[in-house]
Structures are given as C-alpha cells and as structure tokens.
Amino acid sequence: MTTKRIDRDLPSSDDPSSAKRRIEFPEETLENDGAAAIKLLSLLLQCAEYVATDHLREASTLLSEISEICSPFGSSPERVVAYFAQALQTRVISSYLSGACSPLSEKPLTVVQSQKIYSALQTYNSVSPLIKFSHFTANQAIFQALDGEDSVHIIDLDVMQGLQWPALFHILASRPRKLRSIRITGFGSSSDLLASTGRRLADFASSLNLPFEFHPIEGIIGNLIDASQLGTRQGEAVVVHWTEHRLYDVTGNDLETLEILRRLKPNLITVVEQELNYDDGGSFLGRFVEALHYYSALFDALGDGLVEESGERFTVEQIVLGTEIRNIVAHGGGRRKRMKWKEELSRVGFRPVSLRGNPATQAGLLLGMLPWNGYTLVEENGTLRLGWKDLSLLTASAWKSQPFD
C-alpha cells in the first residue's frame, strides 16, 4: 500500500525521552483532502502525545481547537479525527476525575444499549461486507466440519440477534442426510433479548423442518464455573463460534475462557478477529496510532461507498466505530492484556483447520457479487484475511482439538 508521512516525530512509548519514530498513513486516506487532512491528523497526534505524557491541560486546549475544525459529518479524515478526539476528551475527563482510566468494562449492556448496537450492526451489514464475510466464512467451515454428523450443538459466545445462523440452517437442511437435532447455546447480556433471538431462530428452523433447541445463557463464557454449564450431550458434534469486536467485553476472563474451551474439546472453533495489533496493557501512544491506522481504513471504506450525508453511514460510524474507538482510546489499557487468540488456541492444544479450498472460494464469490470495490481477500497459511486496499481488517480461522496419543 502506498503511504504518506505525517511530518511529525512522536515518542515510541509513553516516555517522551524515548526514541522517535515517524507516523505513516495510507495515501488514499489523505489524497482527497490534502493539506487540511494532514493538519488535522498532526493536531490529533500531538494531542495524543500530550495525553500519553499526562499534559492534560495542553491536551484540552488542543482538543478545543480540533473540535472547531472537524466534524463527524465531513470528509473521511475529518470524521475519523472527530471520533478519536471525542475518545481523547473522554480519557482526559476521566483522568481529571479519577487519575486513571479503566479497561473495557465487563459490566453487561442495558437492553436499550444492546438494541441500539444490534440495530446499527444490521445497518453495517447492509453497507459493508465485513459482517457478511465473518458469517459466511465461519458457516462454510462449520458446514464442512459437520459432514456426516446428525446431531449438532453450536455455542455462540455472542449470539446477539442470531443473524448468522439462518444461512447455516438453510445449507444444513439441504443435506441428503437429515439432522436429528440442532441446538444453539447463545451467550448474551439480556434474558429478554436472548429469548427474542431464540424465538426467531426457532421459527426459521421450523420453516425448514429442522429439529431445533435454543439454550440461552445470560452472561459471558469466562465467568462460567465449568464447562458442564454449557449442557453438552453425548454424541453431539460441538462447534464454538466467536466474532471479535470492541463494542463490549464478550469473553471476560480470557484464561478461564481458554480453559473451558480446552476441556470442552469441540469438533471445531471458528474465530473472526480484528487485525488490531496492540496490547491493552502496553503503550497508550502505540495503541492509539495502531487504532488510528485501522479505523482510518474503515472510515475510508465507508466513505468510498456512501455519501457524506448518508444517515446509514453516520449510524454505523457513531454507534459501531465510534464506540469501538472510545473503548480502545478512552477505556483501554491497565490490567488486561489483549489476547492473541490464534497463538493462545495453539498453545492450549488446538490445531488449525485450513480455510483454503471451498471456504476461500465461496468467500471470493461473495465479494465478487457485492457492490463494493477496494476490498481484498487473501488466503495465508489456511486463514482468510479481508482487507481494504491491502490493509488487513479481519482474519478468519478455524481450529480443532489436537488428539492426544
């Protein structure tokens, strides 16, 4: 990818005396707005440096200047800077009040918060291929893993409205060998919303004559006492699925989650991860710059397909992307280290299942049928990466338990 430098040196850690490095951004993010975009990004990076070094008064002054010259309704660079500036403002206020910022909260969402997020994600699904890619790729891997199985138990670590599963039901119903049972255990923050999801999935399964059960669990997997709470049954093929995001905490205690998965020994685990390479417990400035690269690409992608006045675009940017940015910038850091799931699953005894072949072919066909340009699909060591103009955004992988000799 062609990049353009922002002519500003920044510390490589929160220590201002540490070695300097330059910041580069995709040229596509800057080329349409030129000097104005470069000025905005320079001001934002300077403000992040002030926050990283606890110069909060200077940061507040600069944030006031930024708020006067950028808008969440402007160009893509303006919009991304506006949301990062809002997140920095939240962090500054939090620092003034308590002297510290808490990590991404494990407190469950309210029903109203959940409904807003779920509605915004449905809009996101209609204006971007990212969610479709996540669902479609995982479903293809699951369908292949269930070949020959007639009793299936899917454990969805964040079931939301269950939008992923009707498509899988449809291809499972088309198999010559009919299923004796299919169950979904769905984790979520609200018993009422879980009940609604269960009813919708049951109605769809009934329309396909699939024998279906839904088992709701209010909470997160990392807080379970043991794997027996998942209610697995003898003879069932067990599949675990998780699509990573930064809207709220899904797993809770990551080490406990890994231990539950290890003991569960599922037939397959499918994971879709965001390609954000940072540590929550590491350098604030490093986390900030990495996130700015990543979300600049997402805002650029939305701006490529939707006009500035689009209500759908604003909904996605405000509720989905804006919330994630705030959780990374304002609430990230502290006690929790961001888990690299591919590495950790391998460490506790899982081996990768290649997604090359039919899942990769089908994902390529999906992108080819959709009206978005600029997205790229790469198969690498059995994983599938969806990117925007060569910047990787999501990685899909599949895993199975390593048999013991």
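**Figure 1. Contact between helices α6 and α7 in a predicted model.** N139, Q140, I142 and F143 of α6 meet W165, A167, L168, I171 and L172 of α7, where contact means heavy atoms within 4.5 Å. Helix α6 covers residues 130-145, and its axis comes within 10 Å of the axis of α7, crossing at roughly 35 degrees. Axes are lines fitted to C-alpha atoms, for helices over the stretch in contact, and angles run from 0 to 180 degrees between N-to-C directions. The crossing of α6 and α7 is right-handed; a crossing is left-handed if the near helix is turned anticlockwise from the far one by less than a right angle, and right-handed if clockwise. Helices (H or I, at least four residues) and strands (E, at least two) are DSSP runs, numbered from the N terminus. The model is predicted, and local features need pLDDT of at least 70, side-chain atom pairs count only at pLDDT 80 or more, and totals for chains, interfaces and linings use all residues. Residues are numbered from 1 along each chain as its sequence is written, and side-chain values use heavy atoms, with hydrogens and water left out.

**Figure 2. Contact between helices α7 and α8.** Helix α7 spans residues 165-173 and helix α8 residues 191-207; their axes come within 10 Å and cross at roughly 20 degrees. That angle makes α7 roughly parallel to α8 (angles under 35 degrees count as roughly parallel, over 145 as roughly antiparallel, 65 to 115 as roughly perpendicular and the rest as oblique). The crossing of α7 and α8 is right-handed. W165, P166 and F169 of α7 make the contact with L201, F204 and A205 of α8.

**Figure 3. The buried side of helix α7.** W165, L168, F169, L172 and A173 of α7 are buried. Buried means under 20% relative accessible area, exposed over 50%, and partly exposed in between (1.4 Å probe, protein chains only). The buried residues of α7 pack against α6, β3, β4 (181-188), α8, β5 (212-218) and β6.

Figure 4. In α9, residues 254-264, the buried residues are D254, T257, L258, I260, L261 and L264. They lie on the same side of α9, because they cover an arc of only 160 degrees around the axis. Among the elements that cover them are β3 (151-156), β6 (237-243), β7 (268-274), α12 (341-347) and β8 (350-353). L255 and R263 are exposed, on the face of α9 turned away from its buried side. At the start of α9, a side-chain oxygen of N253 comes to within 3.0 Å of the backbone nitrogen of L255. Just after α9, K265 has a positive phi of about 50 degrees.

**Figure 5. N267, between α9 and β7.** N267 is in the loop that joins α9 and β7. N267 counts as partly exposed, at 30% relative accessibility. Leaving aside residues up to four places away in sequence, N267 touches E149, E236, A237, V238, W399 and K400. N267 and A145 are 122 residues apart along the chain, and their C-alpha atoms are separated by 7.4 Å.

**Figure 6. T395 in strand β11.** Strand β11, residues 391-401, contains T395. T395 is buried, with a relative accessible area of 0%. The T395 side chain makes polar contacts with the side chain of E275 at 2.5 Å and with the side chain of R385 at 3.1 Å. A polar contact is a pair of N or O atoms within 3.5 Å; within protein, one must be able to donate a hydrogen and the other to accept it, and residues adjacent in sequence count only if both atoms are side-chain atoms. Not counting residues up to four places away in sequence, T395 touches V271, V272, E273, E275, K342, T383, L384 and R385.

**Figure 7. Two loop residues with positive phi.** M160 is in the loop between β3 and α7, and K389 is in the loop between β10 (383-388) and β11. M160 is not a glycine, yet has a positive phi of about 50 degrees. K389, also not a glycine, has a positive phi of about 50 degrees. M160 is buried, with a relative accessible area of 18%, whereas K389 is partly exposed, at 25%.

Note on methods:
Arc of directions from axis to C-beta.
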